[in-house]
Amino acid sequence: MHETSVKYLPAHLEHRFATIFGEEVQFERPLAASGMGARVVGIDLSNPLRSAQVELLLDTLSHSRLLTIAGQDLERFSLETFERFANHWGAPVAHPSNFLRGGKPAQQDGASDGAIEYQPYAHRRVAAADTVLPGQVACLPHESPAVLVATNLLGQDDRKEFRLKDGGTWHTDIEYEQLPIYVSMFLAHHVPVARDAPNGQWVEPPAESGSAPYFPGSDDELMALRKRLPLNGETAFADTAAAFTALPSKEQAKLEATQVRRRLNAEDEGWLAPLVRMDPRSGVKSLHSPVWASRPGVRPPIEVENMTPGESRDFLDDLEKHVLQPEFRYDHMHAPGDVTIWNNYMSVHTSPPIKIGVNRAEDARLLYRLSCKGAPSLVLPRDDDPTWITDHIAGGYRSPASIISTAN
Ligand SMILES: [Fe+2]
């Protein structure tokens, strides 16, 4: 029973889509051999959702780990609407690239003190992306500090030369805070469609770069798994629910009893967090961020309780090697108008190699990301306790009433 719950979605979910959203909704799943991913077509998210509809989407993600709600009409589906939708999944988090902390860019500020000052869109670095392909590619209008723009369109200062940026390191979003991110979601606006690299894909595999961007010292097999990334701009995922389920029960029991010490900064005492989580809706168990150093040089490596730093690394490198096996991997191809939601407790992900400094629309990659913390809410506005918001959301951000009441 446990195994089937990871590999297959319960049949009632598909039936509920027809009942709750209408017969015309198409449902595809899984998207990966591991059982990860579901894709629905025919739901217009520019309309506010009823509680039963929200509940069904939450249930679907709790089983499938990743959910795409395809085909939003970007003429009508605004980033305000996107943020309103995100409020159902948790409290949207202001992204550090959108505010200053103590007068400095928060993204580079390891310490978490200093007053927070949200930056208007025009002052953000990403605003320069709008100057690259005028009339062809521009960000949808927004001012919210919760919207992270992920793009390979760069401003003049950053656009020195065309180059290929290596993929990122495997991670989950904001696992280094006491309350980690629950879901993140992308709205895709532009995706690269050029396939004119010599290998017939968007990009060639990046040149050999030794261990970078990882710390040296991991074994060759793990390094090869880490660096086997998609070449057409897909986001790379690995399914930590299927990876956990595939382990012998004795190993599962050991991992369920394991806690890891996470820290924001190296000198902090940090806190203990469970390595295995159980989704409260589906009961599916998964590994949360089972990676020794997911942000090398930015956040400190984690330690396993009752292990030395060296033992912790060996233990977690073995676990990462298991999670990154091909049978648990899924490269998600984005399409314009797709909203793709993933559960950070049930997956790890990384960005692919990306051409940057591009000057053709067919190379443009432009996605908007929102991330949410805390419990889902079937109705809006959310009813988060003000103290909880202050404790867990940078700057005490809340989506303003103008966003929650957005109507199309
Ligand atoms: Fe991420």
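Setting aside neighbours within four places in sequence, isoleucine 341 is in contact (heavy atoms within 4.5 Å) with Leu61, Arg65, Leu66, Leu67, Ile69, Phe85, Trp89, Val183, Ser184 and Met185. A word on what you are looking at: this is a predicted model, in which local features need pLDDT of at least 70 and side-chain atom pairs count only at pLDDT 80 or more, while totals for chains, interfaces and linings use all residues. Residues are numbered from 1 along each chain as its sequence is written, and side-chain values use heavy atoms, with hydrogens and water left out.

In soluble globular proteins, nonpolar side chains tend to be buried together. Here the largest nonpolar core has 98 residues, and Ile341 is among the members that touch the most others, along with Leu57, Phe85, Trp89, Met185 and Tyr368. A nonpolar core is a set of buried Ala, Val, Leu, Ile, Met, Phe, Trp, Tyr and Cys residues joined through side-chain atoms within 4.5 Å; buried means under 20% relative accessible area, exposed over 50%, and partly exposed in between, with a 1.4 Å probe and protein chains only. Helix 3 (residues 51-64) gives this core its largest share, five residues. A second, separate core has eleven residues, including Ala32, Ala150, Ala188 and Leu367.

Now to the metal. The iron ion has His171 (NE2), Asp173 (OD) and His349 (NE2) as its protein donors, lying 2.2 Å from it. Donors are N, O and S atoms within 2.8 Å of the metal (3.2 Å for Na, K and Ca), and because water is not among the atoms, sites may look incomplete. Along the sequence, the donor residues follow the spacing H-x1-D-x175-H. The two histidines link distant parts of the chain, 178 residues apart: histidine 171 sits in the loop between strand 9 (163-165) and strand 10 (183-190), and histidine 349 in strand 19 (residues 347-350). Helices (H or I, at least four residues) and strands (E, at least two) are DSSP runs, numbered from the N terminus. Both histidine 171 and histidine 349 are buried.

Finally, the cysteines. The whole structure holds zero disulfides, a disulfide being a pair of cysteine sulfur atoms within 2.5 Å.
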